[in-house]
Amino acid sequence: MKISTKGRYGLTIMIALARETDNKPLSLKKIAARHELPEHYLEQLIGPLRNGGLVKSVRGAYGGYQLVKPAEEITAGEIIRLLEGPLTIVEDSEADDAVKRKLWDKIKVAIETVLDETTLADLAEEDTNGYMFYI
């Protein structure tokens, strides 16, 4: 399984929105600048996230995007499936025998479990719990 830039950048957008603790709208321009990503590409990804019911747009001078529901209720699996489509480990091949197909199925279930048990809140907290050095 390979996660494309769609999935990776989509997760970046969602994590950035989840980190907005005061729940203010965040512009794609700010997300792009903070993460050194192309704003134009992020604009292409926000549509499916909005149509999928994960984000909403806020108009105005201080507009941008917000999460529709709490980060604890959104999983990485939802985001990845929305942007990437169904998860596949390998293309189905009749040349693969039953033993290999069983292995591919186990791997797929393990990946789906990790994605579905990891919330956006988990991902948003991950980076912020780094080391703190005091002098």
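This dialogue reads selected features of a predicted model, one after another.

Reader: How many helices and strands does the protein chain have, and which pattern do they follow along the sequence?

Author: The secondary structure of the protein chain comes to six helices and two strands. Along the sequence, the pattern reads α-α-α-β-β-α-α-α. Of the 135 residues in the chain, 33% count as buried. Consider also the contacts between residues at least 6 apart in sequence: 65% of them join residues at least 24 apart.

Reader: What is the mean pLDDT of the protein chain?

Author: The general idea is that where pLDDT is low, the predicted coordinates should not be read in detail. In this model the mean pLDDT of the chain is 88, and 90% of the residues reach 70 or more. Over residues 131–135, however, the pLDDT is below 50. That stretch has zero contacts in the model beyond near neighbours in sequence.

Reader: At what angle do helices H1 and H2 pack, and how far apart are their axes?

Author: Two packed helices are described by the angle between their axes and the distance between the axes. Here helix H1, residues 5–18, packs against helix H2, residues 28–35, at an angle of about 105°. Their axes are 11 Å apart. Angles of 65 to 115 degrees count as roughly perpendicular, and H1 and H2 are therefore roughly perpendicular to each other.

Reader: Which residues of H1 and H2 meet?

Author: From H1, the residues are Thr12, Ile13, Ala16 and Leu17; from H2, they are Leu28, Ile31 and His35. Sorted by class, this contact has five nonpolar residues, two polar residues and no charged residues.

Reader: How many aromatic pairs does the structure hold?

Author: A pair of aromatic rings is described by the distance of the centres and the angle of the planes. The structure holds one such pair. It is formed by Tyr9 and Tyr41, with 5.5 Å from centre to centre and 75° between the planes. Planes over 60 degrees apart count as edge-to-face, and the pair of Tyr9 and Tyr41 is accordingly edge-to-face.

Reader: Which parts of the chain does this pair tie together?

Author: Tyr9 lies in helix H1, whereas Tyr41 lies in helix H3, residues 39–51, so the pair ties together parts that are 32 residues apart in sequence.

Reader: Is Glu36 buried or exposed?

Author: Buried means under 20% relative accessible area, and exposed means over 50%. Glu36, at 74% relative accessibility, counts as exposed.

Reader: Is Gln66 buried or exposed?

Author: Gln66, which is found in strand E2, counts as buried at 11% relative accessibility. Leaving out residues up to four places away in sequence, Gln66 touches Leu17, Asn23, Lys24, Pro25, Leu54, Val55, Lys56 and Val58.

Reader: Where is Thr75 placed, and with which residues is Thr75 in contact?

Author: Thr75 belongs to the loop between strand E2 (64–67) and helix H4 (76–84). Thr75 is buried, with a relative accessible area of 15%. When its neighbours within four places in sequence are set aside, its contacts are Leu115, Asp116, Thr118 and Thr119.

Reader: Which residues does Leu123 touch?

Author: Leu123 is found in helix H6 and is partly exposed, with a relative accessible area of 24%. Not counting residues up to four places away in sequence, Leu123 touches Leu11, Ile15, Arg19, Ala76 and Thr118. Of these, Arg19 is 104 residues from Leu123 along the chain, while their C-alpha atoms are separated by 9.5 Å.

Reader: How far apart in space are Glu125 and Ile15?

Author: From C-alpha to C-alpha they are 9.0 Å apart, although 110 residues apart in sequence. Glu125 lies in helix H6, residues 120–126, and is partly exposed, with a relative accessible area of 46%.

Reader: In which helix does Glu112 lie, and which residues does Glu112 touch?

Author: Glu112 lies in helix H5, residues 98–117, and counts as partly exposed at 21% relative accessibility. Beyond residues up to four places away in sequence, Glu112 touches Arg81 and Leu87. Glu112 and Leu87 are 25 residues apart in sequence and 7.9 Å apart in space, C-alpha to C-alpha.

Technical notes:
Residues numbered from 1 in each chain as written. Predicted model: local features only at pLDDT ≥ 70, side-chain atom pairs only at ≥ 80, totals over all residues. Heavy atoms only, no water. Axes fitted to C-alpha atoms, helices over the stretch in contact; angles between N-to-C directions. Helix = DSSP H or I, 4+ residues; strand = E, 2+ residues; numbered from the N terminus. Parallel < 35°, antiparallel > 145°, perpendicular 65-115°, else oblique. Contact = heavy atoms within 4.5 Å. Nonpolar A, V, L, I, M, F, W, Y, C, P; charged D, E, K, R; others polar. Phe/Tyr/Trp six-rings, centres within 6.5 Å; stacked < 30°, edge-to-face > 60°. Buried < 20%, exposed > 50% of the residue type's maximum accessible area, 1.4 Å probe, protein only. pLDDT = per-residue confidence, 0-100.
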